Amino acid sequence: MQDKIPLGLNRTGLKASPLIAKDLLEVMDLQDSTPMPAIDATALRLAYREQAETVGSVPPPTNLKGMLGATKEAVMGHKLHVFLDKLGERAAFERTGVRLYDAMLTKLKDADPDLLPPGLSPAAVREIRDDEATHFALVADAIERLGGDATTQTPCADVAGVQGQGLTQVMNDPRTTTSQALNTLLAAELIDVASWELLIELADGFGQDEMVSQFNHALARELEHEQRVRGWLSSALAQNALGRDAGTMPQ
Ligand SMILES: [Fe+2]
């Protein structure tokens, strides 16, 4: 695995080619002085929005208990399907989390343990990966307990899946470094923490005390994940940018 960003012939910046840069700036000036009938991207997007439907829907409860629960909540002005949609989203993102850490385990297979940040090991990564899998099962169980179908791809689950594609792509790119992978995992963990916090508020609003307790436990684990990944990234950056020896860095 590549662990260091090399100095090289990157020619993407304007200053790498002053002559071409001059031409480019001249074209930009020309465009400013003679505006072309360019496509109005905003108008185009608004036109699409007028015709667009939502990203899927949430199916009604699949059993009598779920139907009764939804009816009871509706009497209080609560919309159970919104809660089920967010639970579906959490399940989707936790599943993505498992894939992200699986990809990290693959990256670590050919890494030199002496060059890794202190504490970063396959065992530590597997522990977090297994937490994400446990969280997925916890959310799936919560959906079923509310009378939903845990195999449903809800609208928010669909959106979370698309969001996760970028993260998964970076993790599975053979060129990405340890630091870039850790940065990607940190983004996922920050989403995890905020999303569990929001889900706990919703579960509390629906009076689901047992879920609140279980979700708080999951949140505590996610906070630990975030701290650990952030620490590994901090050490990796100090090693790469400041030349500090991995063995002498604080954990
Ligand atoms: Fe996590």
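**Helix packing and an iron site**

Helices H5 and H7 pack with their axes 14 Å apart and at an angle of about 30°, where axes are lines fitted to C-alpha atoms, for helices over the stretch in contact, and angles run from 0 to 180 degrees between N-to-C directions. The model is predicted, so local features need pLDDT of at least 70 and side-chain atom pairs count only at pLDDT 80 or more, while totals for chains, interfaces and linings use all residues. Residues are numbered from 1 along each chain as its sequence is written, and side-chain values use heavy atoms, with hydrogens and water left out.

H5 and H7 are therefore roughly parallel to each other (angles under 35 degrees count as roughly parallel, over 145 as roughly antiparallel, 65 to 115 as roughly perpendicular and the rest as oblique). H5 passes H7 in a left-handed crossing, a term used if the near helix is turned anticlockwise from the far one by less than a right angle, with right-handed used if clockwise. The helix labels themselves come from DSSP runs, numbered from the N terminus (H or I, at least four residues, for helices; E, at least two, for strands).

H8 can be set against each of these helices in turn. H5 and H8 pack at an angle of about 155°, with 11 Å between their axes, and that makes H5 roughly antiparallel to H8; the crossing of H5 and H8 is left-handed. For H7 and H8 the angle is about 160° and the axes are 8 Å apart, so H7 and H8 are roughly antiparallel to each other, and their crossing is again described as left-handed.

The next feature is the iron ion, whose protein donors are Glu 132 (OE), Glu 189 (OE), Glu 189 (OE), Asp 192 (OD), Glu 222 (OE) and His 225 (ND1), lying 2.0 to 2.8 Å from it. Donors are N, O and S atoms within 2.8 Å of the metal (3.2 Å for Na, K and Ca), and sites may look incomplete because water is not among the atoms. In sequence the donor residues follow the spacing E-x56-E-x2-D-x29-E-x2-H. Glu 132 in helix H5 (residues 122–145) and His 225 in helix H8 (residues 209–242) are 93 residues apart, and the pair links distant parts of the chain. Both Glu 132 and His 225 are buried, with buried meaning under 20% relative accessible area, exposed over 50% and partly exposed in between (1.4 Å probe, protein chains only).

The six donor atoms subtend angles of 52 to 168° around the iron ion, which makes the arrangement irregular.

Phe 83 and Phe 206 form a stacked aromatic pair, 5.0 Å centre to centre with 10° between the planes; rings of Phe, Tyr and Trp (its six-membered ring) pair if their centres lie within 6.5 Å, and planes under 30 degrees apart count as stacked, over 60 as edge-to-face and the rest as tilted. Phe 83 lies in helix H4 (residues 80–108) and Phe 206 in the loop between helix H7 (178–205) and H8, so the pair ties together parts that are 123 residues apart in sequence. Phe 83 is buried, with a relative accessible area of 0%, and Phe 206 also counts as buried at 11% relative accessibility.

Technical notes
Tetrahedral: all angles 85-135°; square planar, octahedral: opposite > 155°, others 65-115°.
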